[in-house]
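Please view the structure alongside the text.

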Amino acid sequence: MSKKIFSGVQPTGNLHLGNYLGAIKNFVELQNKKENQCIFCVVDLHAITVKQDPRELKKNIRETAATFIACGIDPAQSIIFNQSMVSAHSEAAWILSCVSRIGWLNRMTQFKEKAGKDKEKASIGLYSYPVLMAADILLYDASHVPVGDDQKQHLELCRDIAQKFNNDFTAPDFLKVPEPLIQKQFSRIMSLKDGIKKMSKSDPSDLSRINLTDNKEKILNKVKKAKTDTLPLPKEAKDLANRPEAENLLRIYSSLKNQNLENSINEFNEKNFSTFKEKLSEALTETIEPISKEIKKLLNDEKYLDTILLEGSVKADKIASKKIKEIKELVGF
Ligand code: TYM
């Protein structure tokens, strides 16, 4: 059955292995099922919920588009665009924010993490960010949304918003309630320096993540320095309990090799970490190096990237402007 896929990535620099294995790799697989219609968005409106340097932001928007293409998203097959070029996203976000309840947003754990101790100083945009995310998805009647585990709660909120809108305006099934697509074993890639912390763009230590722009030398160095423990690799999955670093590295390896965790455990059955790290470095280099080279090549052609985003936004706007017109009609404008 064909699916309507929508997903987004923030252009905040340092796109990393977690973004790739948790989300972008899945985007490519979904796109390659020809019957699916896919839309991938560089969510620049989301990026400004925290302060951005305008010149860096422009650069990061192009870099995110380049990353999509370098990872295998084909602009001839999928729509690639940036959110700020399609005004319906902002309009829908406002209307949906009037449907959403403060109590719902107060439960969002990502806001609590991102705002930190001083919530009073966080931007209003950071707080209402999941409503904009709902607008992104609902404007395109997306049936499925591929994301990493950290976006699960935002998708549940999106479903609640859609249902409440349909209810409030007596328009059953008008906003399509989307299904999350979360890769079971690889939905949460952890830091290379701390197996209980998510791999993240904002970690001050570059050694905590493999960036999609890293070259072979950097990858080897980061794997070498990745935290492990003193035991050999496990014999069985249950031996991974309380060994978050070993588990994370084995998960990364499994995802890169397109095999499940159990297969990797069997492959390295009680071997030592140095043998495993060699194989992990190989697998990482094999996947990441071509991506990183392609990103660099694409970044030399800003005109090409701008054209892709412009053409994508024209296509996206066609869909979104029709939907926002219907939304406004229902609201009574
Ligand atoms: P963002 O830009 O933080 O992350 C992009 C995608 O990468 C996934 N991800 C991870 N997956 C596994 N392990 C990790 N360590 C890891 N870190 C990040 C995220 O789950 C995400 O899928 N709010 C979204 C962007 C967004 C969006 C949307 C997504 C805006 N509108 C509509 C889907 C649909 C975000 O900030 O993702």
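A cavity is a set of grid points where a 1.4 Å probe fits but cannot get out. By this rule the count comes to two cavities of 30 Å³ or more. The model is predicted.

**Cavities**

The largest cavity holds about 50 Å³ of space. Its lining is made up of Met108, Gln110, Phe111, Lys114, Leu126, Tyr129, Pro130 and His154. By class, that lining has five nonpolar residues, two polar and one charged. Two helices, H6 (109-115) and H7, each give at least two residues to the lining of the largest cavity.

The second largest cavity has a volume of about 40 Å³. Leu17, Leu192, Ile210, Val223, Ala226, Leu249, Ile252, Leu280 and Leu284 line the second largest cavity. What classes do the residues of this lining fall into? Nine are nonpolar, with no polar and no charged residues. Helix H10 (244-256) and helix H12 (273-299) each supply at least two residues here.

Now the open spaces. The largest pocket contains about 1,200 Å³. Its lining counts 42 residues, and those closest to the pocket centre are Gln110, Lys114, Asp150, Gln151 and Lys198. By class, the lining of the largest pocket has 15 nonpolar, 19 polar and eight charged residues.

The second largest pocket contains about 320 Å³. It is lined by 14 residues, with Ala93, Gly125, Ser128, Tyr129 and Leu132 closest to its centre. Helix H4 (88-97) and H7 are the elements that give two or more residues to the lining of the second largest pocket. Which element supplies the largest share of that lining? H7 does, with five residues. The lining of the second largest pocket divides into eight nonpolar, six polar and no charged residues.

**Ligand**

Where does the ligand sit? The space it takes is the largest pocket. The ligand is surrounded by 27 residues, and the closest are Gln10, Tyr129, Asp136, Asp150 and Ile189. Three elements each supply at least two residues of this shell: strand S1 (4-9), helix H1 (17-31) and helix H7 (124-138). By class, the shell has 11 nonpolar, 11 polar and five charged residues.

| Residue | Ligand atom | Distance |
|---|---|---|
| Gln10 | oxygen | 2.9 Å |
| Asp136 | nitrogen | 2.7 Å |
| Asp150 | oxygen | 2.4 Å |

How much of the ligand does the protein cover? On its own, the ligand has 710 Å² of accessible area, and the protein covers 97% of it.

Tyr129 is among the residues closest to the ligand. Tyr129 also lines the largest cavity, and Tyr129 is listed among the residues closest to the centre of the second largest pocket. Asp150 is one of the residues closest to the ligand and one of those closest to the centre of the largest pocket. Gln110 and Lys114 line the largest cavity, and both are among the residues closest to the centre of the largest pocket.

Conventions: Residues numbered from 1 in each chain as written. Predicted model: local features only at pLDDT ≥ 70, side-chain atom pairs only at ≥ 80, totals over all residues. Heavy atoms only, no water. Near = heavy atom within 4 Å. Polar contact = N/O pair within 3.5 Å; in protein donor to acceptor, adjacent residues only side chain to side chain. Areas by Shrake-Rupley, 256 points an atom, 1.4 Å probe, with all protein chains shown as cover. 1 Å grid on protein atoms, 1.4 Å probe; cavity = no way out; pocket = protein on both sides within 12 Å on 5 of 7 lines; lining within 4 Å. Sits in = over half its atoms within 2 Å of the grid points. Helix = DSSP H or I, 4+ residues; strand = E, 2+ residues; numbered from the N terminus. Nonpolar A, V, L, I, M, F, W, Y, C, P; charged D, E, K, R; others polar. Points joined across faces, edges and corners; volume = space filled by probe spheres on them.
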